[in-house]
Amino acid sequence: MKRIGVFLCWCGSNIAATVDIEETMAAARKMPGVVYVDHNKYTCSEIGQAMIREAIAAHRLDRVVIGSCSPRMHENTFRKTVEAAGLNPFYLEIANIREQCSWVHKDKLTATEKAISLIRTAVAKAARSEPLFSTEMSIERRALVIGGGIAGIQAALDIADAGFEVDLVEKEPSIGGRMAQLDKTFPTLDCSACILTPKMVDVAQHGNINLITYSEVEKVEGFVGNFTVTIRNRARSVDMEKCTGCGDCYAKCPSKVDSEFEMGLAKRRAIYTPFPQAVPNKPAIDRANCRYFTSGKCKVCQKVCPAGAIDYEQQDQLVEKKYGAIVVATGFDTHKLDNYGEYAYGKHPDVITSLEFERLVNASGPTGGKILRPSNGQPPKNVAFIQCVGSRDKAKGNPYCAKICCMYTAKHAILLSEKVPGANAFVFYIDVRTPGKDYEEFYNRAYEECGATYIRGNVSKVFPDGDKLVVRSVDALSGALVELVVDMVVLATSVDARADARELAQKLSITTNAYNFFNEAHPKLRPVETQTAGVFLAGACQGPKDIPDTVAQASAAAVKVVSLLNKESLLSNPTVAEVDIKLCSGDMSCLAVCPYGAIAEKFIEERHGREIRKRRVAEVNTALCQGCGACTVACRPGAINLKGFTNEQILAEVDAICL
Amino acid sequence: MKVTTDKINSNLIKEVEEVSGQKVSACFQCAKCTGGCPVVWAMDVYPHQILRYAQLGLADELLNSKTLWICASCQTCDSRCPREVDIPKVIEALRLVLLRARGGNYLHPNNLPARVLENAPQQGLVSAFRKYAR
C-alpha cells in the first residue's frame, strides 16, 4: 500500500471561502492509501513547501497530493518541493480545487463536495503513479532563420551577435523583403531603404551569419536542439565566387519581364538583381524567362561577363545541415484583388495598389520618385485612397483587420501633399485605427496639416469617365452621397499569409490559423514560440504586423533561440507516449493522428514456432513527442500509454469520481 | 445632399478657417459637442454635423440651416472639445460668410430703437455692425 499525503491549500480566501477545508480534510483521511492530511493558508509559500518536505520525512510519505490552484500555476514549484524531499517529482499529483472549483462555484456545500471528489480522483491517480526520468539531449549550437526580410535580418543579427552561427535562408536573389520595397516608414517618415540597407550589409559582413539566397527549405526533420534541415539551393546560373556584381550582364540581357520588386510598374531583365542595393549584389538568371533557357540561343550574358561567372549548367543543390533552433520569418503576401471588380483594378491603369504607390513615391522607383498617373505620366490633382480593400470583409476577402493600412494610407496622403503641391487626398475608411506610439498624432497630421479629407464610407464603385475616374460612396457621418472625380485611385490592399505558408507549416510541424498565419504557442504569454519546441516566429508570418512590432518580435525570437543554444544540454519531457509492442496491432492509427510526427513504424521479428516473422509496430520518438495523448485515444488495442497519464491512471480517476 | 470633388475642394472650408481662426479639418466627429449642447433640441443640423458639412464643402446645407441662428455661443461644446475646435467661433464665421455672401445692409444707426441703443453693450453694437452692416 502506498503512503499518500494530502495537503490542502486555502489560497487565502480564494479556496477557503468556498470550500470547507476541515470537512475536506476529514473526507481525505478516509481515502484509500492516505496516511497524512494537512492544510496551509498559502502552500506555495516557503513555509507551505517546508511543511510538505517535513511531512514527507516524518510520515515516510511516498506520494503527494496537493489540493490547490491549477497545475499550470504551481506544478513545477511543487515538483521541486517533493524532489527536494527525496521523491521522484512525478510522484506529485495536483487536484485543482481553485480554478475548477472554488472560483466557479458559489454554494459552499456543493463546492466542498466537488473538492472532495477532485481530491479523491487525484489520490486514486497518485496511488498508480510511476517514477519518471528525463534524459539529457545534446544541442546543435547553430540557428536557421527562414526568410530574409526585416524580421529574419533582425533575428539573424541578434543571434549572431550573441555568438552563435546563423544560416539565413532567403528564396529571392537578395535579402531585404517587403521593407526594401517601401518608400518612407510611419510614423517618422524616415526612408525605409536608408534604415534597412545598413542592416543588410551587416548581415553580409557578419562573421557568424551564413547567407543562403535563392534557396528554400525543402525538408525539416528532428526536434528541438537537433533539427536536420534540407535546403534547396536553386540554380542561380551565376557563379557567386567569380561574379563581381559589375552589372554588365543585365545591362545587355535582351529579355525584359515585369519586375516583381517594382510591382510590375517597371521591367527587369531575365538575368537580374531585384534592386540596386541588393545583398548579395550578384544576379541570378530567371530561367523561365531567359532566352537561352527557353529557346536554346542567346548566351549574351556569358559573352559580356568579364569574370566568366555565367554558368548555364548549374543544377539545384540539396544541402543537409543540422540546427538547434529555427526562426520562421517568411513575411506576407498582399491580397489578390480578383474578387474586387468594383474597384476597376487591372482594368484602368490609374487604379493601383498601395504597394505600387510605394514604388511610385520611391526615389529609386520607376518614376524616380515622382507621383505620376500610370495612364498619361502626368501628376494627379485628386487622389482617392480606399482603405480595407480585402480586409474586414468576410464575404469575399479577409475577415480580419490588416493592421497596417490605416497608417500607411495616412502616410501616403502626407507624401502626396509633399510631393505634389496642391494635390488633394480623399481617404475612404470604415474606421481609422491608430494604436501605437505617435500613430494617432501622425494620422491627425494627415488631415489637419496635410489637408487630406477623410470620408467615412467604403467605396462601392470606381469607374472611368473620360480620362478621369469616378468614385462612388457615401459619407456615413453626414449621410451625404459622395461622387468624386479623381485622377488616381490607391487601394489599401489587405495582408495575406504567404501562399505556401501551409506547406512550410507542415514541414516544420507547426500549426496555422484559419488564414494560414503561423500560430504562436500562447497569444499573450508565449507570442514568439510555436507549439513545436525549438521553432520560433518573427514578423508578419504570424499575423499582420508593422515594422516596429516585427523588429521587436524578431529580437524576442532571437533571445529565445539564444537562451536555448546557450544550454549545455536539454532535458527531455518524460511524460511521453510509450508503445507496448505486445499489444500493438500495427494498424498505425496513432501515426495518423500524431500532430508532431513523433510516431514511426518499425518492424520487429518474432518467432512463430520455427518460423521467424516480421511484424509492424508503432514506435515513439520521445524527443518529438509532446505528450498530447492523441495517440492513446486513437489506439484501439490500448497499446499506447502516455507516461504520467496512463490508461490505468485515467480509469482509476473516472472510478474515483463515479463509483 | 451630395459631396463632389468641387465642393470638397471649394474655398468654403478655407474661408471659414480664416474668419474663425479655427481648424475645421481638426474635427474627427466624436460628436461630444452635440451631446452636451443645451439648445440642440431646437436645431435642424447638429453642431458636429455643422463641422462635417464644412469639411465636405456642403455650403447650401450649412447656410440654410436654422442652427446658425439658434446657437447661443454658450461655449459648452468648445469647453469639452477634444480637438480644441472653438465651435461657436466656427458658427459665427459661417454667419459672417453667409451674410457677406448675401450682401445688403441690415442695420443702420438711424433705425436702431432708443431702447436698444440705451441698453445694448458697446461690444454688442460693434459686433452687430460688423456683421449686419456694410
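**Where chains A and B meet, and what sits inside**

Three bridges link strand E26 of chain A (residues 480–486) with E1(B), and these two strands run parallel. Keep in mind that this is a predicted model.

- Look at Leu481(A) for a handy landmark: its bridge partner in E1(B) is Lys2(B).

**The A–B contact**
- On one side there are 17 residues of chain B, and they are in contact with 16 residues of chain A.
- Three elements of chain B each give at least two residues to the side that touches chain A: strand E1 (2–4), helix H1 (5–8) and helix H4 (47–56).
- H4(B) supplies the largest share of that side, with five residues.
- Sorted by class, the side of chain B that touches chain A comes out as seven nonpolar, seven polar and three charged residues.

**The nonpolar cores**
- The largest nonpolar core holds 165 residues, and Ala143(A), Ala155(A), Ala156(A), Val327(A), Phe385(A) and Val489(A) have the most contacts inside it.
- Helix H13 of chain A (residues 405–419) brings the largest share of this core, nine residues.
- Take Phe385(A): setting aside neighbours within four places in sequence, its contacts include Thr409(A), His412(A) and Ala413(A), along with Ala425(A), Phe426(A), Val427(A) and Phe428(A), plus Val490(A) and Ala492(A).
- As background, nonpolar side chains tend to be buried together in soluble globular proteins.

Terms used:
Residues are numbered from 1 along each chain as its sequence is written. Chains are lettered from A and ligands numbered from 1 in the order in which they are written. This is a predicted model: local features need pLDDT of at least 70, side-chain atom pairs count only at pLDDT 80 or more; totals for chains, interfaces and linings use all residues. Two residues are in contact if their C-beta atoms, placed from the backbone, lie within 7 Å. Helices (H or I, at least four residues) and strands (E, at least two) are DSSP runs, numbered from the N terminus. Ala, Val, Leu, Ile, Met, Phe, Trp, Tyr, Cys and Pro count as nonpolar, Asp, Glu, Lys and Arg as charged, and the others, Gly among them, as polar. Two strands pair if DSSP finds at least two bridges between them. A nonpolar core is a set of buried Ala, Val, Leu, Ile, Met, Phe, Trp, Tyr and Cys residues joined through C-beta atoms within 7 Å. A residue is buried if 20 or more other C-beta atoms lie within 10 Å of its own, exposed if 12 or fewer, and partly exposed in between; C-beta atoms are placed from the backbone.
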